[in-house]
Amino acid sequence: MTRPATTAEPTAGPDDARAALHRLRTEVAKAVVGQDAVVTGLVIALLCRGHVLLEGVPGVAKTLLIRTVATALDLDSKRVQFTPDLMPGDVTGSLIFDPRTAAFTFREGPVFTNLLLADEINRTPPKTQSALLEVMEERQVSVEGARRPLPEPFIVAATQNPVEYEGTYPLPEAQLDRFLLKLTVPLPNRDEELGVLRAHHAGFDPRDLGAAGVRPVAGVADLAAAREAVGRVHVAEPVLGYIVDLCRATRTAPALELGASPRGATGLLSTAKAWAWLAGRDHVTPDDVKATARPTLRHRLRLRPEVELEGVGVDMVLDTVLATVPTPR
């Protein structure tokens, strides 16, 4: 069974919640070096009740990052290694026959948690991918007509191998569109990598976050207060139009054969509001939209093959769109 999501004291209001979430970066840095942008993205996903696609080479501490964020937020986390033989029931749970009672009982799968790390999601066949993505959308598991809601909060952080690797099943665009953000987990710079080595030389054990000093600095009450405050962030009509114009511009960009859907526009609205609130503002500016446009839209776009062969990346196309669409004043 999933443990209680939090033991943290309720906060007095949104200002306290914001301060608690800002302390998260410092707490995560005790175990993970140099991933502030990814931590902020995970916080935004939690505030928007969205899911995250993480992209990065093996060995950049993606699993450790999720575990540390969960510990600092006093949330439960689980990890599933996706493989070609993984079945949907291995993720969602299944009915098990109990010979003592001669009845079937439901055994919860790893999705019954707060932060689920779906490691290498594109290594498993589409049937299992679809089972997870259905759970992400519905936030419940249905077995034999019985609905079992997932804990709240619940987000999936899925890692994905580059599509050129052998033995992968790339997520179709319609499924990629279900993720709120795609975050790039970069390799550390030299100073950061030296910090990693110093920590391990001093005895850091990534399996023992308590020994590293990681403690809960926020909890479910903070997230609830923060979500309520994000919902009250004001968005002026010109900024709404700017979001629409950006997404529509991706649909006519010569380098793209697939642009952002209306779901992408609503996602950009949500992430911009969360970004503005974390920055201490009660309204969204065009700069807030620009700050969240790349992680919110990059996985929803598809390059034309001939453009991709020329070495053009999706972020480069987004940079062009952001530079050409008029910014409201």
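Here is a quick tour of a surface patch, a pocket and a cavity in this model.

So, ground rules. The model is predicted, so local features need pLDDT of at least 70 and side-chain atom pairs count only at pLDDT 80 or more, while totals for chains, interfaces and linings use all residues. Residues are numbered from 1 along each chain as its sequence is written, and side-chain values use heavy atoms, with hydrogens and water left out.

Okay, the surface. Leu95, Phe97 and Phe104 make up a nonpolar patch with about 300 Å² of accessible area together. To be in a patch, residues need over 30% relative accessible area and no salt bridge, and nonpolar side chains are joined within 5 Å. Areas are Shrake-Rupley with a 1.4 Å probe. Phe104 sits in strand β4, residues 103-108, and counts as exposed because its relative accessibility is 56% (exposed means over 50%).

Next, the second largest pocket, with about 460 Å³ of space. A pocket here is an open set of points on a 1 Å grid, with protein on both sides within 12 Å along at least five of seven lines, and lining residues have an atom within 4 Å of a point. Which residues lie nearest its centre? Of the 23 in the lining, those are Gly59, Ala61, Leu64, Val196 and His200. Helix α7 gives the most, five residues.

Last, the cavity, a set of points where a 1.4 Å probe fits but cannot get out. There is one of 30 Å³ or more. Its lining includes Arg25, Gln35 and Asp36, and α1 (14-28) and α2 (36-48) each supply at least two residues.

Note on methods. Patch = residues over 30% accessible without salt bridge, like charges linked within 9 Å, V, L, I, M, F, W, Y side chains within 5 Å. Salt bridge = Lys/Arg side-chain N within 4 Å of Asp/Glu carboxyl O. Helix = DSSP H or I, 4+ residues; strand = E, 2+ residues; numbered from the N terminus. Buried < 20%, exposed > 50% of the residue type's maximum accessible area, 1.4 Å probe, protein only. Points joined across faces, edges and corners; volume = space filled by probe spheres on them.
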